[in-house]
Amino acid sequence: MLEIKNLHAVVEGEDIEILKGVNLKVNAGEIHAIMGPNGSGKSTLSKVVSGHPEYEITEGEILFNGENITEMDADERAHLGLFMAFQYPVEVPGITNKTLLREAYNTIARANDREELDPLEFEDYIESKLDVIDMKHEFLSRSINTGFSGGEKKKNEIFQMAVLNPKLSFLDETDSGLDIDALKVVSDGVNRIANEENAIVMITHYQRLLNYIEPQFVHIMMDGKIIKSGDISLAEELEANGYETLQKELSLNGEAQ
Amino acid sequence: MSEVINKATILDYIGSDIRSDATSVAIRAINMRGRDVIENVAFPTRKDEDWRFIDLKSITKNTFVSVEEANTAGHGDLSSHFLPEALNTRLVFVNGVFNKELSSISDLPNHVIVGNLSEYGEHDAVKEHLGTITNYEDDVFAPFNDAAFNDAAFIYLPEETSVEAPIHILNIFTDAEQAFYATPRLLFVGEMYSKATIIEEHIGLADNVYLNVPVTEFKLFAGAHVHHARIQRDSKKASHVSRPIAMLDRNAEYHSYTICLGAKLFRNEPRVIQNATEVDFTVDGLVLIDGDQIADTHSIMDHRFAHGNSHQLHKVVVNDKAHSIFNGKIFVAKDAQKIDSFQENRNLLLSEEGKVNTKPQLEIFADDVRCSHGATIGHLNDEEVFYLHSRGLTEQKSRELLVYAFALESVESMEVESVEKLLLNEVIKYTTRD
């Protein structure tokens with residue numbers, strides 16, 4: 001579904017390279033976790049994949065279902081079925097959740113020659129998704145993230161994911177700042193959305209999230225590259241020994257420069 | 001008063017004799033008073049502190065004649081401008097002249113007056129209050145209105161009377177062969193514990209040059225509650241210089257909202273005077289301008305007695321080469337303790353060439369008050385744009401939605417559904433143009 005080949009990226013207008021040759025392949029039905037210390041480039045990776053204008057791709061390509069999306073605008077990527085749950089969802093006073101989601105849902109439907117939903121149909125549809133994140137009806141009429149608690153903002157990202165039903169979702173540190181109750185709700189939501197048709201990439205600093213959403217693949221990212229991939233045991237090893245031990249071990253083996 | 005020594009007066013831009021045939025003695029007295037001032041006070045220039053940012057060319061390069069001499073065009077069917085909530089509480093003025101046929105005032109409680117002021121010259125409230133509240137130092141515009149007006153809206157609410165339906169004062173301006181001046185006027189007197197909502201609208205039907213100089217006077221006695229919306233949709237070539245003023249007695253509440261959409265040049269000077277303790281008032285504004293429009297708000301919130309709440313949210317969106325000016329004064333007199341006043345001016349710049357001047361001005365002489373102010377000027381937030389964009393909306397649509405959201409807050413204060421709808425449409429028109 002997603003294939004990232006030798007991806008290099010810099011901050012637009014600067015020449016400091018943040019991604020230094022990332023390779024990643026994600027198939028339908030899979031859940032991946034990308035772990036790494038602060039500054040390793042994992043959040044940048046999710047932004048670059050979603051089409052954030054702050055970054056410029058200098059080398060490599062991103063293929064989505066075989067189509068090269070490297071140069072595509074963020075909205076076109078969304079139309080193809082890409083979704084990013086933001087690490088810091090912005091507050092947008094004055095636009096309700098419902099307004100944004102109806103606009104987004106119908107725009108995506110139009111782009112894919114699917115039937116748009118009229119306001120009443122959409123109301124029923126969106127209503128049916130509320131229990132994914134255990135939210136009440138009022139949630140729909142609130143301005144996007146405005147005055148939301150940290151947990152509510154993250155729940156809102158998962159809610160949007162449930163409504164837009166993307167093929168591939170990047171969850172950028174969705175677990176950060178969540179208390180245990182909110183973490184359970186959010187994880188439960190993600191697990192309900194995940195199926196054989198879609199794929200999920202979780203970006204996280206901590207292993208804790210993986211106790212609730214179990215990935216088949218775990219990747220370790222450091223210094224702009226994925227330096228090691230494995231299964232869940234890699235995360236457990238990391239939790240026990242920390243990034244530094246891993247880094248040392250890898251450089252001893254000559255696996256990282 | 002600055003003496004005129006070889007300086008221009010407003011009369012230099014007026015091409016007709018100003019009429020002086022008002023039948024009402026009260027109006028004639030005000031006409032004469034105004035006449036005396038405008039002959040002797042210099043027209044403002046950029047050397048005057050309060051006028052230094054504004055370009056008055058769209059007035060000074062023209063000569064405005066009276067409506068009678070301007071060969072005005074007809075107004076056609078105006079029913080689309082009538083508010084369904086105010087079908088029988090409406091006064092219509094066409095180019096400043098009262099139009100009885102288009103007005104409808106059949107739905108009023110006993111003893112409430114909504115009518116043409118020139119027919120109520122002998123009413124005690126007219127004799128007592130007309131022209132007594134407006135007091136703009138060295139001003140030529142309110143005196144020009146004084147000098148030239150005859151027809152005017154008069155609203156009178158007796159004690160403990162509430163008018164349920166909004167009262168719609170519709171000022172229509174038609175096309176004309178020559179540039180003309182108009183001086184709409186509104187006198188509102190609300191006796192103790194009266195209550196009303198006033199929608200004052202200015203609509204230019206064509207794209208012609210005219211000078212609109214309205215004066216509105218609101219006198220609220222103790223406990224009176226008034227909601228006053230002013231919607232300026234003048235022709236994009238018109239100049240509009242407004243003097244809305246309100247005087248509040250004890251426990252009165254006055255909430256005003258000015259929406260600026262039209263006119264080439266808009267200068268608005270709202271003033272609210274706290275004339276007794278314990279009042280509550282609002283002086284909100286929403287300005288949506290583009291092209292080469294200029295919108296200038298010079299407001300005064302004048303706290304003269306203790307215990308008052310007041311707030312002002314002035315929101316501005318500027319596109320193209322448009323220019324917004326805001327000067328918000330908050331005065332608190334020496335003994336006016338326990339005043340809680342808040343002012344905020346938020347400016348959204350959508351273009352590189354747009355211009356914003358903003359100046360909050362607090363003059364506080366009491367020591368136990370809470371007054372705050374803030375002004376921001378910014379572009380759309382890139383992260384907000386990207387957030388919407390990443391959800392599948394085009395970048396253009398994301399921007400439109402954010403401008404719409406910025407303006408929305410002010411529109412939602414309207415309290416009259418059809419007005420809210422009308423303004424939402426105007427906001428959408430503004431954000432989705434071209």
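1. Leaving aside neighbours within four places in sequence, Asn99(B) is in contact with Val92(B), Phe93(B) and Val94(B). Contact here means that the C-beta atoms of two residues, placed from the backbone, lie within 7 Å. Asn99(B) sits in strand 2 of chain B. Helices (H or I, at least four residues) and strands (E, at least two) are DSSP runs, numbered from the N terminus. The cut-offs: buried means 20 or more other C-beta atoms within 10 Å of the residue's own, exposed means 12 or fewer, and partly exposed is in between, with C-beta atoms placed from the backbone. Asn99(B) and Asp151(B) are 52 residues apart in sequence, yet their C-alpha atoms are 9.6 Å apart in space.

2. A word on the model and its labels. This is a predicted model: local features need pLDDT of at least 70, side-chain atom pairs count only at pLDDT 80 or more, and totals for chains, interfaces and linings use all residues. Residues are numbered from 1 along each chain as its sequence is written, while chains are lettered from A and ligands numbered from 1 in the order in which they are written.

3. Now the sheet around strand 2 of chain B. In chain B, 10 strands form an open sheet with mixed pairing, in the order 2-1-5-8-11-13-16-18-20-22. Strands pair if DSSP finds at least two bridges between them. Strand 2 (97–104) and strand 22 (370–378) of chain B are the edge strands, each pairing on one side only. On average, neighbouring strands of this sheet are turned by 10° against each other, direction ignored.

4. Helix 6 (residues 395–411) of chain B packs on this sheet. The strands of chain B that helix 6 touches are strand 13 (253–260), strand 16 (279–289), strand 18 (308–318) and strand 20 (339–349). The direction of helix 6 makes about 155° with that of strand 18 of chain B. Axes are lines fitted to C-alpha atoms, for helices over the stretch in contact, and angles run from 0 to 180 degrees between N-to-C directions.

5. Strand 1 (residues 90–94) and strand 2 of chain B run antiparallel, joined by four bridges. Phe98(B), in strand 2 of chain B, is the bridge partner of Phe93(B).

6. Chain A next. Chain A has seven helices and 12 strands. Its radius of gyration is 18 Å, close to the 18 Å from the globule rule for 257 residues, so chain A is as compact as a globular protein of that length. The radius is taken over C-alpha atoms, and the rule is 2.2 Å times the number of residues to the power 0.38. Along the principal axes, the C-alpha atoms of chain A fill a box of roughly 60 × 40 × 35 Å. Buried residues make up 41% of the 257 residues. Among contacts in chain A between residues at least 6 apart in sequence, 72% join residues at least 24 apart.

7. Chain A has an open sheet of four strands, antiparallel, in the order 2-1-4-5. Strand 2 and strand 5 (67–68) of chain A stand at the edges with a single partner strand each, so one side of each has no neighbour in the sheet. Strand 1 (residues 2–11) and strand 2 (residues 17–26) of chain A pair over seven bridges, antiparallel. They form a hairpin with five residues between them, and Gly13(A) in the turn has a positive phi of about 85°. Glu3(A) stands opposite Lys25(A) of strand 2. Eight bridges join strand 1 to strand 4 (residues 55–64) of chain A, also antiparallel. His8(A) stands opposite Lys20(A) in strand 2 of chain A and opposite Glu59(A) in strand 4 of chain A.

8. Helix 3 and helix 5 (residues 150–164) of chain A pack at about 35°, with axes 10 Å apart. Residues making the contact include Leu101(A) and Tyr105(A) of helix 3 and Asn156(A) and Val163(A) of helix 5.

9. Finally, the interface. Contacts link 21 residues of chain A with 16 residues of chain B. Helix 2 (74–80), strand 7 (92–96) and helix 3 (97–111) of chain A each supply at least two residues of the side of chain A that touches chain B. Helix 3 gives the most, with five residues.
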